[in-house]
Amino acid sequence: ADDQLNELVAAGALQEVTLNADDVKSRNLEGSVEAASLDGKLYAYPMTADNGYFLYYDSSVVTDPTSLEAIVADCEEAGKGFYMEINSGWYQTAFFFATGCELTYEADSAGNFTSSNVTYASEEGLTALKALINLASSSAFYNGSSVSNATNAAAIVDGTWDSGAAKELFGDNYACAKLPSFEVDGQEYQMSGFGGFKLLGVKPQTDTNKAIVCMELAKYLSSAEVQLARYQEVGWGPSNLEAQADEALTALAEQLTYTIPQGQYPNEYWDLATSLGDDIIAGTYDNSSDEELMSVLENFQTTCESYATGAGATE
């Protein structure tokens, strides 16, 4: 998994990809290449680009999948639901990263968090929080990210793992798209979030010939041909540009260009994000001033920063 790359490189467990590196980079989605790289060097071969989320929707209800406001308005008019799990630290970043907020951690080879970069207590964070509050206030909003658990849905933010259920739910009106943009104070922001990738690494070798053979094998096992076969057999979504096989994968591939690879995060972060989302859903901040909302973000940021103490809990 791409969130293990830093630890493996620090431990000396990955051979830098020096054989056909440019070819590997050109054939795979940019996000997957970024996830396989550290300090400008490629350390693994991208294998999948399927750990992310995008929009499934009913094309007979949703007339403009590029605008969150338009989607919500269509759902409200039709008496249908818009589903997104905003009390999840994974989905929640779609708003915060969209406005330019950062939330990343650095960890040492033992998995201890040594530093953080969190900028939620900012005008960008305030914009994202307002957008979340606005979404949660809609009569069409439902908190959730599983097609199988959705009722009366016309749109849902979900992943490729639910494509079969989405096709069954929407039938002939089944459609997919990247996440929409949202508007705050007259400015549009493209929804972002996390992306996740599976990578294939090569252990460092002392024998040069063996190293070459291992790299050629890794290149083959991560090729378009094998990625597509793997998708057809077990459903792993390809990172190779020539192997985007259906609507869901195409939508996800487009969305992943707006995301950041998910690195290592403290377990406590996910709990903290859930609490923030729960408060938004409960309407706690519906009538809050900008100053009050900024105080919420300052507390959130300070708490996130406190996790980089070397405790070592990761997820």
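Phe194 counts as buried because its relative accessibility is 1%, where buried means under 20% relative accessible area with a 1.4 Å probe and protein chains only. Trp270 is buried too, at 11% relative accessibility. This is a predicted model, in which local features need pLDDT of at least 70, side-chain atom pairs count only at pLDDT 80 or more, and totals for chains, interfaces and linings use all residues. Residues are numbered from 1 along each chain as its sequence is written, and side-chain values use heavy atoms, leaving out hydrogens and water.

Let's look at how these rings meet. Rings of Phe, Tyr and Trp (its six-membered ring) pair if their centres lie within 6.5 Å; planes under 30 degrees apart count as stacked, over 60 as edge-to-face and the rest as tilted.

| Pair | Centre to centre | Angle between planes | Type |
|---|---|---|---|
| Tyr56 and Tyr174 | 6.1 Å | 35° | tilted |
| Phe194 and Trp270 | 6.2 Å | 55° | tilted |

Where do the partners sit? Phe194 lies in strand β13 (residues 194–195) and Trp270 in helix α11 (residues 267–281), so their pair ties together parts 76 residues apart in sequence. Tyr56 belongs to strand β4 and Tyr174 to strand β10, 118 residues apart. Here helices (H or I, at least four residues) and strands (E, at least two) are DSSP runs, numbered from the N terminus. Both Tyr56 and Tyr174 are buried.

Phe194 and Trp270 also belong to one aromatic cluster with Phe97, Tyr105, Phe113, Tyr265 and Tyr269.

Conventions
Buried < 20%, exposed > 50% of the residue type's maximum accessible area, 1.4 Å probe, protein only.
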